[in-house]
Amino acid sequence: MQFAVNLEFLEAEYFLWASYGFGLDVVAPNLPMSGPPPIGARKANLDQLTNNIIKEFANQEVGHLRSLNSTVGVFPRPLLDLSAKNFAKIFDDAFGHKLVPPFDPYRDSLSYMLSCYVIPYVGLVGYVGTNPNINGYETKRLLAGLLGVESGQDAVIRMYLYERATELVSPYQYTVADFTSRISGLRNKLGNCGIKDEGIYIQPPLGAENRTRSNVLSANFGSLSYKRTPAEILRIVYGSGDEHVPGGFYPKGANGKIAKEFLK
């Protein structure tokens, strides 16, 4: 369970900075345990509806860290790269060429929510993958509670984007649906374990009961959530496709026993 602390730090800082303009060092200074502040995080240009959503997500993530700390303990916040430059590289990799101008998640509400599509789902499938390995009532209860809220956050993000699926993402000539498909494709490529990620539009063979093109909730053939191992998650969040090679959101690697073992 402690491995998840890495992802909760990532989400907490990203949501806090975008909606409030400051992070954990202001909101809950004890939780980072003197870990380095994130790189490039800043307030996003959000409309009121989107800002309210992200503020709620932000405070939920602080609660997640408090719950993890009281149950399994946390470790110092790892160095996080939340810069527009890092997100631009992720989206360039997803499309296979440089977007012009570079993608900026802080530019407007839609850009920010597209960037959010990159993050919570990875935590969700990680929690699903963790479930069989958990022993003890308190830890299982913690996992179930975290998974429920992470799933809800992902559903809100996907529905927000689904409602705008056919809109062009300014200033590019790609739709919202195109962006989700490309990001999901990149995560499948980096994870290197087949299809465990799908955009908001898919072909019927991948849809619910092989009947739908809409894909508000991403799920497998049996309409169950996909699952990922810690190694798969690190390949994705490092952006390297290799759990032994840090980068992406974690320039110096993630923290905790599991992540550190991969860096040996």
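This is a predicted model: local features need pLDDT of at least 70, side-chain atom pairs count only at pLDDT 80 or more; totals for chains, interfaces and linings use all residues.

Reader: What makes up the chain, helices or strands?

Author: Helices: there are ten of them and zero strands. From the N terminus on, the elements read α-α-α-α-α-α-α-α-α-α.

Reader: How do you know that the radius of gyration agrees with a compact globule?

Author: For 264 residues, the globule rule gives a value near 18 Å, and the chain has 17 Å, so the two agree. The C-alpha trace spans about 45 × 40 × 35 Å along its principal axes. Also, 52% of the 264 residues count as buried.

Reader: Why is helix α9 called largely enclosed?

Author: Buried means under 20% relative accessible area. Seven of the eight residues in α9 (residues 230-237) are buried, so the rest of the structure largely encloses this helix. The buried ones are A231, E232, I233, L234, R235, I236 and V237.

Reader: What covers the buried residues of α9?

Author: The cover includes α1 (4-20), α6 (120-130), α8 (176-191) and α10 (257-262). After α9 comes G239, with a positive phi near 70°.

Reader: What makes a set of residues a nonpolar core?

Author: They have to be buried nonpolar residues joined through side-chain atoms within 4.5 Å. The largest such core here has 73 residues, and I54, Y112, L161 and F249 have the most contacts inside it. Elements giving two or more residues to this core include α3 (48-71), α4 (84-95), α5 (109-116) and α7 (137-162). Its largest share, ten residues, comes from α1.

Reader: Which residues does Y112 touch?

Author: Leaving out residues up to four places away in sequence, Y112 touches Y14, F15, A18, A44, L46, I54 and P105. Apart from the 73-residue core lies another one, of five residues, among them Y121, L124, V128 and Y226.

Reader: Why is V26 called exposed?

Author: The cut-off for exposed is over 50%. V26 has a relative accessible area of 55%, so V26 counts as exposed. This residue lies in helix α2 (residues 24-27).

Conventions. Residues are numbered from 1 along each chain as its sequence is written. Side-chain values use heavy atoms; hydrogens and water are left out. Buried means under 20% relative accessible area, exposed over 50%, partly exposed in between (1.4 Å probe, protein chains only). Helices (H or I, at least four residues) and strands (E, at least two) are DSSP runs, numbered from the N terminus. Contact means heavy atoms within 4.5 Å. The radius of gyration is taken over C-alpha atoms; the globule rule is 2.2 Å times the number of residues to the power 0.38.
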